[in-house]
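Please look through the sequence and the structure shown below.

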Amino acid sequence: MQLNTRTIVGLIALLFCLSPWASGAQNYRTPDFDYFVTGDPSLPHAAHTTYGLALMGGGGSVEAAFRFIAAHGGHGHMVILRAVHDDSFDPKDGDYGDSFATQWGPVTSAETIVFHDRKAAFDPRVIKALHEADGIFLAGGDQANYVKYWKGTPVQRELNAHVRANRPIGGSSAGLAVLGHFSYTALDGGSLESKVALRQPGDASVTLEDDFLHFRGMDHVITDTHFSRRCRLGRLIVFVSRINAEHPNAHAFGVGVDEKTALLVEGDGIARLAEGSTGSAWVVQAPGVLDYKVPLSLEVRVERLAAGSALHVDSGDVDGVAAESTEAIENGQPTGHSPATSIMLRSSVRDNEG
């Protein structure tokens, strides 16, 4: 069997970490995942953890959201997950361990696991880290990798069990995209634009998932990321309408989060913008439309959250709405002139999904 350089390096590092001369937890690489660690994962768990969700739009950090995860995790053991499909990146990119330990903590330990394939989701070391995590953060990238690598695996089971055990979890960009009960998976390999979705709501590129992560209070939610910057209101309208047509009892609504913005969900199911957020969050209510072979025509309700607003994630109700409008879509085109409409009308910023 021919071994490539990555495999050889991974085996050497792994053998060293398992040797009797190795002291404490250390970074290592395997053919299936990379592992980085700060602190000591062998120390006791946090004495107390509290349920909470940190919904981060991506495009920049909101430090209050990471402090929220650390605090709700009892300043214990944090686990950061990423997933990639090749080696064309800096292996330590997205290693948040030092930041959790110094800026957002203190925490007992922070372990970053970078998945390279689905096999990593069955590795006992990965499952042990997740099982013992007091708080979890899902980093950005491409949510298609999360779905492909984790659905139907012990990782999916551990993530759902983590939240049931009243422990916090957060996600940014692609990590946010999978936190709702429903999610846009980008499994076709593209990044769906609003103008395409509105004209072709039944297209195969509208890839939706309804049986992945199941977190308290998020039963009716689908999220979207980089919201205003990447002009994603139109596609979120399509997602919500498709879900409500295909699942008549879903009562689904969309939550879009702007870049450098985070929506923090407490144990009572109330979500508010994190301190330091520079944008808004958006709530989209849309009815199901049965005929998706033609461009979309419907009316939707759009509400914008700002500082002081509160979203009830179990119902979609908003207290202290910053702005609201009813948007009309006719034959795949928005007809209004509100700020919400402008998000749909602007040319989309093309980028990798997340």
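Helices (H or I, at least four residues) and strands (E, at least two) are DSSP runs, numbered from the N terminus. This is a predicted model, in which local features need pLDDT of at least 70 and side-chain atom pairs count only at pLDDT 80 or more, while totals for chains, interfaces and linings use all residues. Residues are numbered from 1 along each chain as its sequence is written, and side-chain values use heavy atoms, with hydrogens and water left out.

Helix H2 spans residues 63-72 and is followed by glycine 74, whose phi is positive, near 65 degrees. Seven of the ten residues of H2 are buried, where buried means under 20% relative accessible area, exposed over 50%, and partly exposed in between (1.4 Å probe, protein chains only). Among the buried residues are Phe66, Phe68 and Ile69. The buried residues of H2 pack against several elements, including strand S3 (53-56), strand S4 (77-83) and helix H3 (97-102), contact meaning heavy atoms within 4.5 Å.

Because they are four residues apart in helix H2, about one helical turn separates them.

The whole structure contains eleven salt bridges. One of them joins arginine 235 to aspartate 224, with the closest N and O atoms 2.8 Å apart. This pair links distant parts of the chain, arginine 235 lying in helix H9 (residues 233-246) and aspartate 224 in strand S10 (residues 221-224). Both arginine 235 and aspartate 224 are buried.

How values were computed. Salt bridge = Lys/Arg side-chain N within 4 Å of Asp/Glu carboxyl O.
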